[in-house]
Amino acid sequence: MELDLGPEASKFRQETRDWIADNAPAGLADLVDWTVPPMTAGDHSAHAQAAKSPLHEEWERRLLAERMICPQWPERFGGRGWTAVQNAIYSEECARAGVPRIRRGFGEGMVGPSVMVHGTPEQQEHFLPRIISAEDVYCQGFSEPDHGSDLGAVSTRGVVDGDEIVISGQKVWTSGFARANMIFVLCRTDTAAPKHRGISYVLLPMRDNNIDARPLRQLTGNAEFGEEFFDGARAPLFNVIGGLNNGWRVAMTTLGHERGGSATIGHLKYQRQLTALVELAREVGRDKDPMVRQQLAWAHTHVEIMRYQGLRLLAQLAEGREPGPEASISKLFWSEYERRVGEIAMELMGPDALVRPDGEGYRLSHWQQVFLASRAGTIYSGTSEIQRNIIAERALGLPREPRPAELKGAGA
(Lines give C-alpha, C1' and ligand atoms only; values in the text may rest on other atoms or scores of the structure.)
Protein backbone atom coordinates (compact mmCIF):
# COMPACT_ATOMS: atom_id res chain seq x y z
CA MET A 1 0.00 0.00 0.00
CA GLU A 2 1.28 3.44 -0.97
CA LEU A 3 -0.51 6.53 0.30
CA ASP A 4 -1.81 8.90 -2.40
CA LEU A 5 -0.50 12.29 -1.40
CA GLY A 6 -1.56 14.07 -4.56
CA PRO A 7 0.00 14.64 -8.00
CA GLU A 8 2.89 16.85 -6.82
CA ALA A 9 4.03 14.33 -4.22
CA SER A 10 3.64 11.47 -6.72
CA LYS A 11 5.78 13.35 -9.24
CA PHE A 12 8.40 14.04 -6.59
CA ARG A 13 8.42 10.38 -5.57
CA GLN A 14 8.96 9.20 -9.15
CA GLU A 15 11.71 11.76 -9.77
CA THR A 16 13.43 10.76 -6.54
CA ARG A 17 13.11 7.07 -7.34
CA ASP A 18 14.58 7.62 -10.80
CA TRP A 19 17.43 9.75 -9.46
CA ILE A 20 18.41 7.12 -6.91
CA ALA A 21 18.29 4.39 -9.56
CA ASP A 22 20.53 6.42 -11.85
CA ASN A 23 23.02 7.58 -9.21
CA ALA A 24 23.35 4.92 -6.50
CA PRO A 25 26.62 3.03 -7.08
CA ALA A 26 26.10 -0.58 -8.10
CA GLY A 27 26.64 -2.89 -5.13
CA LEU A 28 25.99 -0.27 -2.46
CA ALA A 29 22.73 -1.90 -1.39
CA ASP A 30 24.49 -5.25 -0.95
CA LEU A 31 27.10 -4.08 1.57
CA VAL A 32 24.88 -4.19 4.66
CA ASP A 33 21.22 -3.85 5.68
CA TRP A 34 21.12 -0.06 5.88
CA THR A 35 17.64 -0.05 7.45
CA VAL A 36 18.89 -1.59 10.70
CA PRO A 37 20.52 0.97 13.03
CA PRO A 38 23.72 -0.46 14.55
CA MET A 39 22.74 0.60 18.08
CA THR A 40 19.59 -1.53 18.06
CA ALA A 41 20.98 -4.95 17.24
CA GLY A 42 22.77 -4.01 14.05
CA ASP A 43 26.30 -5.20 13.37
CA HIS A 44 28.55 -2.29 14.40
CA SER A 45 31.65 -3.54 12.61
CA ALA A 46 29.76 -4.32 9.39
CA HIS A 47 28.17 -0.86 9.31
CA ALA A 48 31.46 0.85 10.10
CA GLN A 49 33.27 -1.07 7.38
CA ALA A 50 30.51 -0.40 4.83
CA ALA A 51 30.52 3.32 5.63
CA LYS A 52 34.23 3.47 4.76
CA SER A 53 33.86 1.69 1.44
CA PRO A 54 34.55 3.44 -1.89
CA LEU A 55 30.92 2.82 -2.86
CA HIS A 56 29.64 4.69 0.18
CA GLU A 57 32.15 7.50 -0.35
CA GLU A 58 31.06 7.90 -3.97
CA TRP A 59 27.39 7.94 -2.93
CA GLU A 60 28.15 10.63 -0.37
CA ARG A 61 29.97 12.75 -2.97
CA ARG A 62 27.01 12.55 -5.33
CA LEU A 63 24.56 13.47 -2.58
CA LEU A 64 26.67 16.44 -1.51
CA ALA A 65 26.87 17.67 -5.10
CA GLU A 66 23.06 17.63 -5.34
CA ARG A 67 22.53 19.13 -1.86
CA MET A 68 20.73 15.94 -0.81
CA ILE A 69 22.38 15.80 2.59
CA CYS A 70 20.25 17.85 5.01
CA PRO A 71 17.88 18.50 2.06
CA GLN A 72 15.08 19.57 4.40
CA TRP A 73 17.14 22.59 5.44
CA PRO A 74 16.27 25.88 3.73
CA GLU A 75 18.19 26.59 0.53
CA ARG A 76 19.96 29.57 2.08
CA PHE A 77 21.47 27.20 4.67
CA GLY A 78 22.70 24.65 2.12
CA GLY A 79 19.64 22.40 1.81
CA ARG A 80 16.96 22.14 -0.83
CA GLY A 81 14.07 23.46 1.22
CA TRP A 82 12.15 20.20 1.04
CA THR A 83 8.84 19.95 2.81
CA ALA A 84 8.26 17.38 5.53
CA VAL A 85 6.42 15.21 2.99
CA GLN A 86 9.26 15.41 0.46
CA ASN A 87 11.76 14.60 3.17
CA ALA A 88 9.74 11.56 4.25
CA ILE A 89 9.34 10.39 0.64
CA TYR A 90 13.10 10.62 0.16
CA SER A 91 13.65 8.44 3.24
CA GLU A 92 11.12 5.92 1.92
CA GLU A 93 12.73 5.77 -1.50
CA CYS A 94 16.21 5.27 -0.06
CA ALA A 95 14.84 2.40 2.02
CA ARG A 96 13.01 1.00 -0.99
CA ALA A 97 16.24 0.97 -3.01
CA GLY A 98 18.21 -0.47 -0.09
CA VAL A 99 20.70 2.41 -0.02
CA PRO A 100 21.64 4.55 2.98
CA ARG A 101 20.06 7.90 3.53
CA ILE A 102 23.21 9.68 4.64
CA ARG A 103 22.45 11.84 7.65
CA ARG A 104 24.53 14.11 9.83
CA GLY A 105 23.08 12.81 13.08
CA PHE A 106 22.62 15.27 15.90
CA GLY A 107 24.08 18.03 13.76
CA GLU A 108 21.42 17.65 11.09
CA GLY A 109 18.38 17.06 13.25
CA MET A 110 19.07 19.02 16.43
CA VAL A 111 22.04 21.42 16.35
CA GLY A 112 21.38 22.74 12.84
CA PRO A 113 17.72 23.73 13.43
CA SER A 114 18.70 25.39 16.73
CA VAL A 115 21.42 27.45 15.06
CA MET A 116 18.98 28.43 12.32
CA VAL A 117 16.45 29.70 14.87
CA HIS A 118 18.69 31.18 17.56
CA GLY A 119 22.10 31.73 15.96
CA THR A 120 23.42 34.98 14.58
CA PRO A 121 24.06 35.23 10.81
CA GLU A 122 27.77 34.82 11.55
CA GLN A 123 27.14 31.65 13.58
CA GLN A 124 24.88 30.25 10.88
CA GLU A 125 27.49 30.92 8.21
CA HIS A 126 30.20 29.22 10.28
CA PHE A 127 28.52 26.19 11.85
CA LEU A 128 25.92 25.00 9.32
CA PRO A 129 28.22 24.21 6.35
CA ARG A 130 30.51 22.27 8.68
CA ILE A 131 27.57 20.03 9.63
CA ILE A 132 26.66 19.30 6.00
CA SER A 133 30.26 18.49 5.08
CA ALA A 134 30.69 16.33 8.24
CA GLU A 135 33.64 18.46 9.30
CA ASP A 136 31.79 18.81 12.60
CA VAL A 137 30.14 15.68 14.03
CA TYR A 138 28.10 16.26 17.19
CA CYS A 139 27.05 14.32 20.24
CA GLN A 140 24.59 15.52 22.87
CA GLY A 141 25.68 16.85 26.26
CA PHE A 142 22.40 17.23 28.14
CA SER A 143 21.95 14.34 30.62
CA GLU A 144 23.82 14.34 33.92
CA PRO A 145 24.30 11.56 36.49
CA ASP A 146 22.18 13.07 39.26
CA HIS A 147 19.38 14.69 37.27
CA GLY A 148 18.04 12.11 34.81
CA SER A 149 15.60 13.79 32.42
CA ASP A 150 15.35 16.95 34.55
CA LEU A 151 17.30 19.23 32.22
CA GLY A 152 16.41 22.30 34.26
CA ALA A 153 18.55 20.96 37.10
CA VAL A 154 21.83 20.78 35.16
CA SER A 155 24.83 21.49 37.38
CA THR A 156 27.67 21.50 34.82
CA ARG A 157 29.17 24.98 35.18
CA GLY A 158 30.11 27.50 32.54
CA VAL A 159 32.25 30.48 33.57
CA VAL A 160 33.10 33.37 31.25
CA ASP A 161 36.84 34.02 31.02
CA GLY A 162 37.54 36.93 28.68
CA ASP A 163 36.21 35.97 25.25
CA GLU A 164 35.88 32.29 26.19
CA ILE A 165 33.57 30.13 28.27
CA VAL A 166 35.16 27.53 30.57
CA ILE A 167 33.11 24.41 31.34
CA SER A 168 33.46 21.98 34.25
CA GLY A 169 31.19 19.10 35.22
CA GLN A 170 29.95 15.78 33.91
CA LYS A 171 27.57 14.47 31.25
CA VAL A 172 26.37 10.90 30.73
CA TRP A 173 24.50 8.59 28.31
CA THR A 174 26.09 10.34 25.35
CA SER A 175 25.19 8.55 22.11
CA GLY A 176 27.84 8.46 19.39
CA PHE A 177 30.47 10.10 21.58
CA ALA A 178 33.33 8.12 20.05
CA ARG A 179 32.62 9.44 16.55
CA ALA A 180 32.05 13.07 17.56
CA ASN A 181 34.49 15.94 17.50
CA MET A 182 31.89 18.39 18.87
CA ILE A 183 29.39 18.21 21.71
CA PHE A 184 26.47 20.58 22.34
CA VAL A 185 26.35 21.23 26.06
CA LEU A 186 23.84 22.71 28.46
CA CYS A 187 25.67 24.37 31.33
CA ARG A 188 24.70 26.67 34.17
CA THR A 189 26.19 30.13 33.75
CA ASP A 190 24.16 31.96 36.43
CA THR A 191 23.81 30.00 39.67
CA ALA A 192 21.56 32.65 41.22
CA ALA A 193 18.92 32.42 38.47
CA PRO A 194 15.75 30.30 38.78
CA LYS A 195 15.91 26.66 37.74
CA HIS A 196 15.20 26.99 34.01
CA ARG A 197 17.09 30.22 33.61
CA GLY A 198 20.77 30.97 33.85
CA ILE A 199 21.54 28.09 31.47
CA SER A 200 23.62 28.41 28.30
CA TYR A 201 23.83 26.28 25.16
CA VAL A 202 27.43 25.82 24.00
CA LEU A 203 28.98 24.12 20.96
CA LEU A 204 32.12 22.67 22.50
CA PRO A 205 35.11 21.05 20.72
CA MET A 206 35.70 17.51 22.00
CA ARG A 207 39.33 16.91 21.03
CA ASP A 208 42.33 18.08 23.10
CA ASN A 209 40.08 20.21 25.28
CA ASN A 210 40.34 18.88 28.84
CA ILE A 211 37.50 16.44 28.28
CA ASP A 212 37.86 12.88 29.54
CA ALA A 213 35.39 10.83 27.46
CA ARG A 214 34.88 7.28 28.72
CA PRO A 215 32.83 4.46 27.19
CA LEU A 216 29.87 2.98 29.06
CA ARG A 217 29.62 -0.69 28.22
CA GLN A 218 26.08 -1.89 27.62
CA LEU A 219 24.46 -5.26 28.18
CA THR A 220 25.42 -6.22 24.62
CA GLY A 221 29.10 -5.60 25.34
CA ASN A 222 29.14 -2.62 22.98
CA ALA A 223 29.89 0.89 24.18
CA GLU A 224 27.64 3.09 22.07
CA PHE A 225 27.11 5.47 25.01
CA GLY A 226 29.75 7.42 26.87
CA GLU A 227 30.24 9.75 29.80
CA GLU A 228 32.33 12.92 29.77
CA PHE A 229 34.20 14.73 32.52
CA PHE A 230 34.87 18.40 31.76
CA ASP A 231 37.80 19.88 33.62
CA GLY A 232 38.11 23.40 32.27
CA ALA A 233 37.06 22.70 28.68
CA ARG A 234 37.01 25.89 26.63
CA ALA A 235 35.08 27.35 23.73
CA PRO A 236 34.90 30.86 22.29
CA LEU A 237 31.87 32.89 23.38
CA PHE A 238 31.07 32.80 19.67
CA ASN A 239 30.05 29.17 20.26
CA VAL A 240 27.28 30.14 22.71
CA ILE A 241 24.03 29.86 20.75
CA GLY A 242 21.19 32.17 21.70
CA GLY A 243 23.30 34.24 24.08
CA LEU A 244 24.42 33.65 27.66
CA ASN A 245 21.75 32.45 30.09
CA ASN A 246 19.26 31.86 27.26
CA GLY A 247 20.03 28.20 26.66
CA TRP A 248 16.70 26.83 27.83
CA ARG A 249 14.90 28.28 24.81
CA VAL A 250 17.55 26.84 22.51
CA ALA A 251 17.33 23.44 24.19
CA MET A 252 13.55 23.36 23.68
CA THR A 253 14.09 24.00 19.97
CA THR A 254 16.63 21.19 19.89
CA LEU A 255 14.34 18.72 21.62
CA GLY A 256 11.47 19.70 19.35
CA HIS A 257 13.46 18.30 16.42
CA GLU A 258 14.66 15.15 18.18
CA ARG A 259 12.30 12.79 16.37
CA GLY A 260 11.62 13.29 12.70
CA GLY A 261 10.88 11.74 9.32
CA SER A 262 12.22 8.27 10.10
CA ALA A 263 8.87 7.39 11.71
CA THR A 264 7.39 6.88 8.23
CA ILE A 265 9.83 4.06 7.43
CA GLY A 266 10.48 2.67 10.92
CA HIS A 267 8.29 -0.36 10.24
CA LEU A 268 10.64 -1.63 7.51
CA LYS A 269 13.19 -2.78 10.06
CA TYR A 270 10.51 -4.68 11.96
CA GLN A 271 9.10 -6.31 8.83
CA ARG A 272 12.53 -7.83 8.14
CA GLN A 273 12.87 -8.76 11.80
CA LEU A 274 9.48 -10.50 11.78
CA THR A 275 10.49 -12.56 8.75
CA ALA A 276 13.62 -13.64 10.63
CA LEU A 277 11.55 -14.47 13.72
CA VAL A 278 9.24 -16.73 11.70
CA GLU A 279 12.31 -18.44 10.24
CA LEU A 280 13.68 -18.96 13.74
CA ALA A 281 10.41 -20.65 14.76
CA ARG A 282 10.79 -23.00 11.78
CA GLU A 283 14.43 -23.75 12.57
CA VAL A 284 13.63 -24.86 16.12
CA GLY A 285 10.57 -26.84 14.97
CA ARG A 286 7.97 -24.76 16.76
CA ASP A 287 6.23 -23.08 13.85
CA LYS A 288 3.19 -25.36 14.38
CA ASP A 289 2.99 -24.65 18.13
CA PRO A 290 -0.32 -22.79 18.73
CA MET A 291 1.20 -20.51 21.38
CA VAL A 292 4.14 -19.61 19.15
CA ARG A 293 1.81 -18.94 16.21
CA GLN A 294 -0.24 -16.65 18.44
CA GLN A 295 2.91 -14.71 19.37
CA LEU A 296 3.92 -14.41 15.73
CA ALA A 297 0.44 -13.18 14.85
CA TRP A 298 0.75 -10.61 17.64
CA ALA A 299 4.07 -9.44 16.21
CA HIS A 300 2.61 -9.21 12.70
CA THR A 301 -0.31 -7.04 13.85
CA HIS A 302 2.05 -4.71 15.71
CA VAL A 303 4.28 -4.26 12.66
CA GLU A 304 1.21 -3.44 10.59
CA ILE A 305 0.11 -0.91 13.19
CA MET A 306 3.52 0.75 12.93
CA ARG A 307 3.19 0.82 9.14
CA TYR A 308 -0.23 2.47 9.30
CA GLN A 309 0.98 4.90 11.94
CA GLY A 310 3.74 5.90 9.53
CA LEU A 311 1.15 6.46 6.78
CA ARG A 312 -0.94 8.48 9.19
CA LEU A 313 2.05 10.66 10.03
CA LEU A 314 2.80 11.14 6.34
CA ALA A 315 -0.79 12.23 5.69
CA GLN A 316 -0.56 14.59 8.66
CA LEU A 317 2.61 16.15 7.26
CA ALA A 318 0.91 16.50 3.86
CA GLU A 319 -1.75 18.64 5.53
CA GLY A 320 0.95 20.89 6.95
CA ARG A 321 0.46 19.75 10.55
CA GLU A 322 3.49 19.08 12.73
CA PRO A 323 3.65 15.91 14.87
CA GLY A 324 2.50 16.38 18.45
CA PRO A 325 2.17 13.72 21.17
CA GLU A 326 2.13 11.16 18.33
CA ALA A 327 5.94 11.11 18.54
CA SER A 328 5.68 9.81 22.11
CA ILE A 329 3.08 7.23 21.09
CA SER A 330 5.34 5.91 18.33
CA LYS A 331 8.42 5.81 20.53
CA LEU A 332 6.58 3.98 23.32
CA PHE A 333 5.02 1.54 20.86
CA TRP A 334 8.16 0.46 18.99
CA SER A 335 10.43 0.31 22.04
CA GLU A 336 8.04 -1.86 24.05
CA TYR A 337 7.35 -3.99 20.96
CA GLU A 338 11.04 -4.67 20.32
CA ARG A 339 11.62 -5.63 23.93
CA ARG A 340 8.83 -8.22 23.72
CA VAL A 341 10.09 -9.56 20.37
CA GLY A 342 13.49 -10.12 21.97
CA GLU A 343 11.83 -12.10 24.72
CA ILE A 344 9.91 -14.22 22.21
CA ALA A 345 13.14 -14.99 20.34
CA MET A 346 14.90 -16.00 23.55
CA GLU A 347 12.04 -18.34 24.43
CA LEU A 348 12.30 -19.94 20.98
CA MET A 349 16.08 -20.36 21.28
CA GLY A 350 15.75 -22.05 24.67
CA PRO A 351 19.04 -22.88 26.44
CA ASP A 352 21.03 -21.72 23.41
CA ALA A 353 19.98 -18.18 24.26
CA LEU A 354 22.22 -18.35 27.32
CA VAL A 355 25.37 -19.27 25.38
CA ARG A 356 27.51 -16.74 23.58
CA PRO A 357 28.65 -18.01 20.15
CA ASP A 358 32.28 -18.88 19.65
CA GLY A 359 34.40 -15.87 18.81
CA GLU A 360 36.38 -13.07 20.31
CA GLY A 361 35.16 -10.28 22.53
CA TYR A 362 31.50 -9.69 23.18
CA ARG A 363 30.11 -10.88 19.86
CA LEU A 364 26.54 -12.13 20.30
CA SER A 365 24.01 -13.74 18.01
CA HIS A 366 21.49 -11.47 16.28
CA TRP A 367 18.65 -12.35 18.65
CA GLN A 368 20.80 -11.99 21.74
CA GLN A 369 21.66 -8.49 20.49
CA VAL A 370 17.97 -7.69 19.99
CA PHE A 371 17.05 -8.97 23.43
CA LEU A 372 19.75 -7.04 25.28
CA ALA A 373 19.80 -3.84 23.19
CA SER A 374 16.02 -3.44 23.32
CA ARG A 375 16.21 -2.63 27.03
CA ALA A 376 17.99 0.61 26.17
CA GLY A 377 15.21 1.55 23.74
CA THR A 378 12.73 1.85 26.61
CA ILE A 379 15.09 4.25 28.41
CA TYR A 380 16.89 6.59 26.00
CA SER A 381 15.13 9.64 24.48
CA GLY A 382 12.70 9.55 27.38
CA THR A 383 11.76 6.42 29.32
CA SER A 384 8.52 4.56 28.68
CA GLU A 385 7.15 6.08 31.90
CA ILE A 386 7.90 9.59 30.64
CA GLN A 387 6.26 8.83 27.28
CA ARG A 388 3.13 7.58 29.07
CA ASN A 389 2.95 10.79 31.08
CA ILE A 390 3.29 12.89 27.92
CA ILE A 391 0.54 10.90 26.20
CA ALA A 392 -1.72 11.13 29.25
CA GLU A 393 -1.32 14.88 29.67
CA ARG A 394 -0.98 16.14 26.08
CA ALA A 395 -3.01 13.63 24.09
CA LEU A 396 -5.68 12.49 26.57
CA GLY A 397 -5.91 15.72 28.55
CA LEU A 398 -5.56 13.98 31.91
CA PRO A 399 -4.40 16.04 34.91
CA ARG A 400 -0.70 16.07 35.59
CA GLU A 401 0.43 13.44 38.07
CA PRO A 402 1.40 15.12 41.36
CA ARG A 403 5.11 15.17 42.06
CA PRO A 404 6.45 13.87 45.42
CA ALA A 405 7.19 17.39 46.64
CA GLU A 406 3.65 18.48 45.84
CA LEU A 407 2.18 15.53 47.70
CA LYS A 408 4.35 16.34 50.72
CA GLY A 409 3.23 19.96 50.63
CA ALA A 410 -0.39 18.87 50.53
CA GLY A 411 0.11 16.76 53.64
CA ALA A 412 -0.11 13.44 51.81
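This report walks through a predicted model of one protein chain, from its overall make-up down to a handful of residues.

## The chain as a whole

The protein chain has 13 helices and eight strands. It runs to 412 residues, and 45% of them are buried.

If you are wondering about disulfides, the count comes to zero. As a reminder, a disulfide is a covalent bond between the sulfur atoms of two cysteines. For the count, a pair of cysteine sulfur atoms has to lie within 2.5 Å, and the total by that rule is zero.

Two cysteines are worth a look anyway. C70 sits in the loop between α3 (54-65) and α4. Is C70 buried or exposed? It counts as buried, because its relative accessibility is 0%. C70 also has a positive phi, near 60°, and it is a residue other than glycine.

C94 is in helix α4. With a relative accessible area of 1%, C94 is buried too. Leaving aside residues up to four places away in sequence, C94 touches I20, V99, P100 and R101. C94 and A21 are 73 residues apart along the chain, yet their C-alpha atoms are separated by 9.8 Å.

A88 counts as buried, since its relative accessibility is 0%. Between A88 and Q72 there are 9.6 Å from C-alpha to C-alpha, with the two residues 16 apart in sequence.

A50 belongs to helix α2, residues 44-51. Its relative accessible area is 5%, so A50 is buried. Which residues does A50 touch, not counting residues up to four places away in sequence? They are L31, V32, W34 and H56. For A50 and L31, the C-alpha to C-alpha distance is 6.0 Å across 19 residues of sequence.

A134 is in the loop between α6 (121-132) and β1 (138-141). Phi of A134 is positive, near 70°, in a residue other than glycine.

## N209 in its loop

N209 is found in the loop between β5 (199-205) and β6 (211-216).

What does the N209 side chain reach? It reaches the backbone oxygen of P205, at 3.0 Å. Setting aside residues up to four places away in sequence, N209 also touches L204, A233 and R234.

## Helix α10 against helix α12

Two packed helices are described by the angle between their axes and the distance between the axes. Here, the axes of α10 (residues 326-349) and α12 (residues 384-395) come within 9 Å, crossing at roughly 145°. The crossing of α10 past α12 is left-handed.

Which residues make this contact? On the α10 side they are S328, I329, K331, L332, S335 and E336. From α12 come S384, Q387, R388, I390 and I391. Sorted by type, the residues of the contact of α10 with α12 are four nonpolar, four polar and three charged.

## W367 in α11

W367 lies in helix α11, which spans residues 366-377. W367 is buried, as its relative accessible area is 8%.

Skipping residues up to four places away in sequence, W367 touches Q273, A276, L277, L280, V341, A345, M346 and M349.

Technical notes: Residues are numbered from 1 along each chain as its sequence is written. This is a predicted model: local features need pLDDT of at least 70, side-chain atom pairs count only at pLDDT 80 or more; totals for chains, interfaces and linings use all residues. Side-chain values use heavy atoms; hydrogens and water are left out. Buried means under 20% relative accessible area, exposed over 50%, partly exposed in between (1.4 Å probe, protein chains only). Helices (H or I, at least four residues) and strands (E, at least two) are DSSP runs, numbered from the N terminus. A polar contact is a pair of N or O atoms within 3.5 Å; within protein, one must be able to donate a hydrogen and the other to accept it, and residues adjacent in sequence count only if both atoms are side-chain atoms. Contact means heavy atoms within 4.5 Å. Axes are lines fitted to C-alpha atoms, for helices over the stretch in contact, and angles run from 0 to 180 degrees between N-to-C directions. A crossing is left-handed if the near helix is turned anticlockwise from the far one by less than a right angle, and right-handed if clockwise. Ala, Val, Leu, Ile, Met, Phe, Trp, Tyr, Cys and Pro count as nonpolar, Asp, Glu, Lys and Arg as charged, and the others, Gly among them, as polar.
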